[in-house]
Amino acid sequence: MTSRERLAARGVDGVTLLVLPAVALLVLLFVYPFLYGLFLSFRPKDGSLLGNYARFFDDPFFRDTIWVTMRLALPVTLLNLLLALPIALRVRHLRRQRLLITVLVLPITLGTVLVSEGMLNYFGPQGWFSRTLMLLGVISAPVKLVQSYTGVFLSLLITGFPFTFLLTLSYVTGIDPALEQAGATLGAGPARRFRHVLLPLLLPGLAITFCLSFVQAYSVLPSAVLVGDPSRATRVISIAAYQAAIEEYDYAMASTVALIMGATQLAVVGMALGLRGLLYRGPAGGAKG
Amino acid sequence: MRRTLIDRLWSTALWTLVGFFIVNLLALIGTVVVSSFATRWLRSWLPADWTLRWYAAAWNEFQLGDVLLTTFQVVLAVVALSAIFGVPAAYALARRDFPGKRLAMLLLLLPMLVPPVTYGIPLATVLYQTGLGGSMAGVILANLVPSIPFVVLVMIPFIEQIDPRIEAAARVFGAGTGRLFVHVLLPLLAPGVMAALLLVLVRTIAMFELTFLTAGPTSQTLVVALYYAVFASGVRAVQSIDAMAVIYMGVTLVWLLIALRFVNPTQLVGRSKRSG
């Protein structure tokens with residue numbers, strides 16, 4: 001056998017080489033910057049090895065951003081998931097899902113910047129939201145919902161709920177209805193069918209949905225600035241990273257903050273995936289034969 | 001099927017919640033549109049009068065002609081380059097089993113799992129040090145990082161469902177690699193490639209973080225220009241910013257509507273789910 005034939009037997013031939021340009025580009029634009037950022041984070045301005053990390057954890061201005069971000073991202077993600085699950089379980093029986101899905105894709109496609117701009121008008125003191133509540137007699141004076149923690153929370157709900165919902169729906173529709181019907185045949189009511197049939201099948205998917213939604217909420221940037229209180233209550237970790245990079249030109253510190261951001265969010269994702277490992281992960285579709 | 005009272009109450013509660021969400025969402029978008037046509041809108045349900053002049057104002061104040069041109073150049077370059085890099089890679093990954101395939105797949109998955117801000121900052125650092133930061137080339141390169149993996153992940157299941165025997169048959173009849181590609185693969189792959197590229201297009205128009213971190217004053221896309229306008233609101237009339245927001249919505253929604261004719265809406269959210 002020539003060396004070429006030997007390679008071909010292992011699956012390496014001309015076609016395999018087509019993967020190389022994409023991989024090379026990603027190594028250059030993704031892996032290399034990451035490693036360079038890691039290297040840079042250990043080369044702070046003061047010359048010590050861990051100076052940047054020490055600065056981050058000593059200075060409450062930096063350290064507190066972790067807590068501020070968690071305090072926003074965790075409750076929003078859990079609320080989105082809690083809302084998305086029962087609604088997805090209803091919607092799966094719906095014939096005309098497409099219109100609903102199209103409406104819900106809107107905020108995701110338009111993005112957080114546009115949603116924030118709309119929120120400034122809509123939830124502002126003279127906006128339609130306050131006006132309607134006053135007309136209905138729910139409140140007597142306009143409520144201030146933007147420029148605060150609530151503003152960012154709402155923005156994460158408006159863009160995050162559709163995202164969570166659509167992911168959940170794709171998992172829910174992946175479950176063979178025959179499995180639930182089998183449960184019904186054996187005399188289980190809706191609550192028991194959910195508890196003993198649907199939930200065990202859904203939990204692994206819900207764990208993935210939680211991770212993806214959490215990562216989105218954790219890296220919130222534009223709405224934390226535009227509809228939040230970016231110097232205090234919603235000074236999230238991405239604002240700290242951005243300010244270090246663009247306003248102070250301290251790329252070493254910016255990389256440090258970005259890496260801490262990655263590590264903290266990975267810790268939560270890792271925990272969720274660890275819990276997922278304890279769950280059943282078999283086929284959710286009906287078995288043939 | 002008989003429905004109990006509790007079941008009906010539960011169902012009503014859920015649909016009310018969905019309705020409440022959608023009404024607020026549409027009203028939120030509606031406020032921006034109404035405001036962009038308003039002469040003066042203070043302390044009332046609707047503006048005092050209607051006008052189109054904010055569109056002209058926004059066009060001049062924010063140099064929207066230049067911004068739109070930049071946006072289209074960036075988006076087209078990102079779409080073309082992600083096709084050139086992504087489709088061949090997807091073909092290799094779908095058709096061959098080779099040592100290191102899992103590593104290549106991991107490398108392709110990571111940029112979609114790590115949020116843009118986290119890798120965008122080290123990437124922007126590298127780009128600024130090589131002199132590409134702030135330039136249009138830098139913005140395009142940064143946007144390729146999530147786009148290429150996206151194209152690959154959408155295309156792999158699509159390529160897998162094409163029967164390899166069709167390609168083998170073409171070979172038997174004497175087609176070389178070039179003719180095989182042009183006459184067999186290209187027509188078969190075209191719908192999948194188009195779907196993937198439309199999704200990349202919509203996602204790149206709305207991609208804020210990466211463009212924000214790498215763009216300079218002359219390489220801003222529409223969404224970044226909109227951010228700066230909202231950020232510095234108070235300098236300019238609210239209606240003028242809203243007019244710009246409506247133009248942004250128009251650009252995005254046209255492509256969204258085109259995309260929705262060819263793709264499943266849920267594909268905009270994440271990877272393609274089961275094909276077929």
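Helices here are DSSP runs of at least four residues, numbered from the N terminus. With that in hand, welcome to a predicted model in which chain A has 12 helices and 0 strands, while chain B has 11 helices and 0 strands. The model scores ipTM 0.87 and pTM 0.88. The points below take the chains one at a time, then turn to where they meet.

**Chain A as a whole**

- Reading from the N terminus, the elements of chain A run α-α-α-α-α-α-α-α-α-α-α-α.
- Chain A is more spread out than a compact globule, because its radius of gyration is 24 Å, well over the 19 Å that the globule rule gives for 289 residues.
- The C-alpha trace of chain A spans about 85 × 70 × 30 Å along its principal axes.
- Of the 289 residues in chain A, 43% are buried.
- Take the contacts in chain A between residues at least 6 apart in sequence: 74% of them join residues at least 24 apart.

**Chain B as a whole**

- Along the sequence, chain B shows the pattern α-α-α-α-α-α-α-α-α-α-α.
- Chain B is also described as more spread out than a compact globule, because its radius of gyration of 23 Å is well over the 19 Å that the globule rule gives for 276 residues.
- For chain B, the C-alpha trace spans about 75 × 70 × 35 Å along its principal axes.
- Buried residues account for 45% of the 276 residues in chain B.
- Among contacts in chain B between residues at least 6 apart in sequence, 75% link residues at least 24 apart.

- Chain A has an average pLDDT of 88, and 96% of its residues score at least 70.
- Chain B has an average pLDDT of 88, with 95% of the residues scoring at least 70.
- In chain B, the pLDDT is below 50 over residues 271-276; this stretch has 11 contacts in the model beyond near neighbours in sequence.

**Where the chains touch**

- The contact between the chains takes 71 residues from chain A and 72 residues from chain B.
- Several helices of chain B give two or more residues to the side that touches chain A, among them H1 (5-36), H3 (64-95), H6 (136-160) and H8 (177-206).
- H1(B) gives the most to this side of chain B, with 14 residues.
- The residues on the side of chain B that touches chain A divide into 56 nonpolar, 9 polar and 7 charged.

**The largest nonpolar core**

- The largest nonpolar core has 163 residues, of which A:Ala241, A:Val257, B:Val152 and B:Leu226 touch the most other members.
- H6(B) gives the most to this core, with 16 residues.
- Leaving aside residues up to four places away in sequence, B:Leu226 touches A:Val113, A:Glu117, B:Met244, B:Ala245 and B:Tyr248.

**A closer look at A:Leu40**

- A:Leu40 sits in helix H2 (residues 20-41) of chain A.
- A:Leu40 counts as buried because it has 22 C-beta neighbours inside 10 Å, where 20 or more are needed.
- Not counting residues up to four places away in sequence, A:Leu40 touches A:Tyr251, A:Ala252, A:Ser255 and B:Thr125.
- A:Leu40 and A:Pro107 are 67 residues apart along the chain, and their C-alpha atoms are separated by 37 Å.

- In helix H3 (residues 51-58) of chain A, the buried residues are A:Asn52, A:Arg55 and A:Phe56.
- Seen down the axis of H3(A), its buried residues fall within an arc of 100 degrees, so they line one face of the helix.
- Packed against the buried residues of H3(A) are H2, helix H4 (60-91) and helix H12 (251-277) of chain A.
- Helix H6 (residues 128-135) of chain A has A:Trp128, A:Phe129 and A:Ser130 as its buried residues.
- The cover over the buried residues of H6(A) includes helix H5 (97-122) of chain A together with H1 of chain B.
- H6(A) is followed by A:Gly137, which has a positive phi, near 80 degrees.

Terms used:
Residues numbered from 1 in each chain as written. Chains lettered and ligands numbered in written order. Predicted model: local features only at pLDDT ≥ 70, side-chain atom pairs only at ≥ 80, totals over all residues. Contact = placed C-beta atoms within 7 Å. Nonpolar A, V, L, I, M, F, W, Y, C, P; charged D, E, K, R; others polar. pLDDT = per-residue confidence, 0-100. Rg over C-alpha atoms; globule rule 2.2 N^0.38 Å. Buried ≥ 20, exposed ≤ 12 C-beta atoms within 10 Å, placed from the backbone. Core = buried A, V, L, I, M, F, W, Y, C linked by C-beta atoms within 7 Å. Arc of directions from axis to C-beta.
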